[in-house]
Amino acid sequence: MQEAVLLAESQSPATAPDAIIRAERIEKFYTQPSQNRIQVISATNLSIVPGEIVALLGPSGSGKSTMLRMLTGLSTPTAGQVYWHEKPIAEAEVNVSIVFQSFALFPWLTVLENVEAPLQARGVSAAVRRDRSMKMLDTVGLDGFEGAYPKELSGGMKQRVGFARALVVEPEVLFMDEPFSALDVLTAENLRSELLELWANKTMPTKAVFIVTHNIEEAVLLADRIIVLGKNPGHIRTDFRVQLAQPRDRKSEPFTQLVDYIYKVLTKPDVAPDEAPEQQVEPKVRDQRQMHYQMLPHARPGGIAGLLELLLDKGGRDDIYRLADDLSFEIDDLLPIVDAAQLLGFLQIEEGDAVITPSGTEFANSEILRQKELFRDAAVANVLLLRQICRALDAKSDHTVPEDFFLDMLDEQFSEEECQRQIETAVTWGRYAELFDYDAGHRRFVLPDAAEEEVATRQEAE
Amino acid sequence: MKPQHPLAQTLVTVRTWPFFIDLAVGLGGIAVFFAILHTAGYWMSAPVPVAFISHSISALPIYAFYSIGRMIIAFLLSLTFAIAYGYIAAYNHRVEAWMIAVLDILQSIPVLSFLYPVLLAMIALVPGHQLGIEMGVILLIFTGQVWNLAFSFYSSLKSIPREMVETSRIYRYSAWQRFWQLEMPYAAIGLVWNSIVSVANGWFALMACEMFSLKGTRFQLPGLGSYIQTATDSGDTRALLCGVAAVVLIVVATDQLLWRPLIAWSDKFKFEQVESAERVTSPILEILKRSKLVTSLPDRIWSRIEEPVYRRMALTHSCHIVQPLDEDQTAGKASAGLWMLAVVAAAAVGWGAFQAILMLQTVTFAELRLLMEGAAASFLRVNCALVLAAAWTVPVGVAIGLNPKFARLVQPVAQVMASIPATAFFPILLMGLVKIGGGLGIGSIALMLLGTQWYILFNVIAGAMSIPSDLSEVSDLYHFTRWQRWTKLILPGIFPYLITGMVTASGGAWNASVFAEYSHLGNRTLQTLGLGAQISSAIDNDRLPIILLATIFISLIVVTMNRLVWRRLYRLAETRYKLEG
């Protein structure tokens, strides 16, 4: 029965421009029949700004769900005010959705009807409704299940329907109340990464996500900003940004540091939390150092073709060691060729066997010109370095690019010697595929002769 | 238009003879139309208080038609009123407690006590037509049916899972959408089961109420109830048996053609997360599903109606904001209209109470003492009936319930038996009693039993069926003695169901007491000491104050029993004897 009025400021800048939802000194009291007032949430300030995923972490009883409901307008704060784009939330036209822990699907409606229902509430016509709902079901991967009833679906599928329903109205803020708690670990993982994908690709017009969770790892995995609540009464204990780049690695040092920090904060409710640990601040601007080149295996196109033909001869699948034996290769000599073929998508490794893929089969069966074509397509699709060389050549008006340009970038990743070898292999591949040519004298990449002429004639025509 | 998908709930895909079914449904529609025309004609004719009741068998269909017509109208009225009442009670916190208390009290009043006010009002309202008398009887039936429907709808509304309500709020559903997509479907199963009980109560009341006297005038309406009673009076055994058979036939037909398909269909609204293995099947439902007309026409008509409503509602203010769920914070500001309503209601109640007190002052002390003795007698009788009923239904019900195959056969039969109005059999039983020479003292208990034991039976069967098999296995494994099995496994297991059955039976017994303790048989009047008898005889002799006082007594007893005994037992059942966690 504390009436402590701890004013916990959230650490995001109070002058956050155009906060979508802003809670100003909100409190929640419950009156008991015996006329006692219990303070569930003490005066709190909180803002939700566009472009971030906010996670609200806290032990049970800290009022997380109550906070969520107050921020969405479902619950009126006993004191204080919640603003939606600076208008009081009770009068504003709020556009939010909630994804619930228990899915909250209507069992007597089909999946499609469940997703259409919010659109019905907005007076959208039947044809448009159906169209939008079907597209949304497709996005969440439930294509084909429109006519099913919720009781026929698994937990993961039910939550996908929940997501589809939440996103079909294109909410400005997506609220989630422990959405993955009722699912098994693997399904939860799946859905989390799909959510991140949708968020990263901007597939949804949602500007912010607010997720309530009790799972520390989940919060660190998903959120750009974490707010930790304490209880008795509910109050913000700490609020900090998470600046790790997506996709986040659970085992990486900064990740585990953060989890430990939050764990400490949660298990010591009476101690004021320390500063959040320093995180590698990844700059938003990607510079050269960020580009990650695959290491080109040093194999020649001829070798790749030969391997594929042999593999096809063996029925499309063979153990790598046996292949090496057949060819009298050392395994160390065969592996680069296998790696190269795998990089280009012509074969796959499955449990120590090399298995030819359909594109590999086509390659092996084609004659020379077609092989070059296929090689060209595969190389441009799968090898970053080759792609960049081609693009650079296209972009320049004189269609030549110095070798140093790429050497510099490779230098960040590889040793000097290796860089040279990478360039050599790239040149070999590029020449074979007739992607570009290399002027050894001037140490520049140039377009192949045939293309040069074409470009010249085009320029003359203009 | 629902997309037909292979992954959807499997409907019967083979459609045999669809045209015939469509034709049948169409013909059915035409028949209904003509029925309405005929009834309207009858109602608008001059009032005939005592209709001539022929005893020929050929007259049975038309009498059946009239009785069924009354039942249908009364039920539809009850359903509408119950939904409206439950809705208002659930969503208005200020009046909620009052409305539920009123419901409680009204539920405890036997149907016959409403005879006077309802009939007088209706006859005064529509003096020149038969319609007045008919409406009076229909409303009388209504008073026997509506209360438990209202309770069911109200409690369904209050128990909708919170997150579904939050969904409807956050997506800004209109009241219309919320009603049709959330509230009605959630309440559907409760309403179906309570409808079965209500209609059974309705038949019970109808059979006895088609003949009555009011202010010295005798009334006799054409219908099955009058048929049976007049046949008994004139000693025409053949006609009597045919009448009773007709009633049983109607009840069984209703069960097969209406209730079972409804129960099977309402499975759709079961709020469970996984499909359960056991489902009630109904061949009628399967046939109806094959009819293209039945499956697509209601959908098409409905969406035609719905779409414009949705579009219109989406423009209203309440569909543009999120309405908060907790209104206790906003309490304290009652509108002026509500205050005026409260004042008018208080004034009306005050005036009514004043008039009632004036009337009650004419009751002599002797009469009062008689009433109290009657109350004690009836109380004993009702509880005796309950104990007797439980004494045989519990062992039998458990035996049936523990044998699943047998139970599946017997339970629907028990349900039908519960629907057959015992009042249809009263005349036969009375004749038998008179022949034996017994009085109504014991006979009334038998009559009460007949009406109410089935409720206990089928609840006990359901309870025994729901004892989890792993608990039975434990008792087998550890070789429980018979006594242990009963005290540790069976009785606790069926306890919640037993209580439900007993409460329903108790209410039914009090209701039946009005007919069981006082009966006309030809020129003779059989009666015994009891509150029910006193109400009935007071109606016959036009003694309004007695009716009022006796009703007050019954109501007091029933409500007190509810609070003191049944509520406690319910709470015990919920806390200690609930089987799921």
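This is a predicted model: local features need pLDDT of at least 70, side-chain atom pairs count only at pLDDT 80 or more; totals for chains, interfaces and linings use all residues.
Which residues line the largest cavity? The legends below take up this question and then turn to the cysteines.

View 1. Residues are numbered from 1 along each chain as its sequence is written, chains are lettered from A in the order in which they are written, and side-chain values use heavy atoms, with hydrogens and water left out. The largest cavity is lined by A:Val140, A:Arg160, A:Phe163, A:Leu191, A:Glu194, A:Leu195 and A:Leu198. A cavity here is a set of points, on a 1 Å grid over the protein atoms alone, where a 1.4 Å probe fits but cannot get out, and lining residues have an atom within 4 Å of a point.

**View 2. Helices around the largest cavity.** In chain A, α4 (155-168) and α5 (185-200) each supply at least two residues of this lining, and α5(A) gives the most, with four residues. The volume of the largest cavity is about 60 Å³, and the structure holds four cavities of 30 Å³ or more.

**View 3. Cysteines without a disulfide.** Over all chains, the search finds zero disulfides, a disulfide being a pair of cysteine sulfur atoms within 2.5 Å. The sulfur of A:Cys419 has its closest cysteine sulfur in A:Cys390, 19 Å away, which is too far for a bond. A:Cys419 counts as buried, at 2% relative accessibility, where buried means under 20% relative accessible area (1.4 Å probe, protein chains only). B:Cys319 is also buried, with a relative accessible area of 3%.

Technical notes: Buried means under 20% relative accessible area, exposed over 50%, partly exposed in between (1.4 Å probe, protein chains only). On a 1 Å grid over the protein atoms alone, a cavity is a set of points where a 1.4 Å probe fits but cannot get out, and a pocket is an open set with protein on both sides within 12 Å along at least five of seven lines; lining residues have an atom within 4 Å of a point. Grid points are joined across faces, edges and corners, and a volume is the space filled by probe spheres set on the points.
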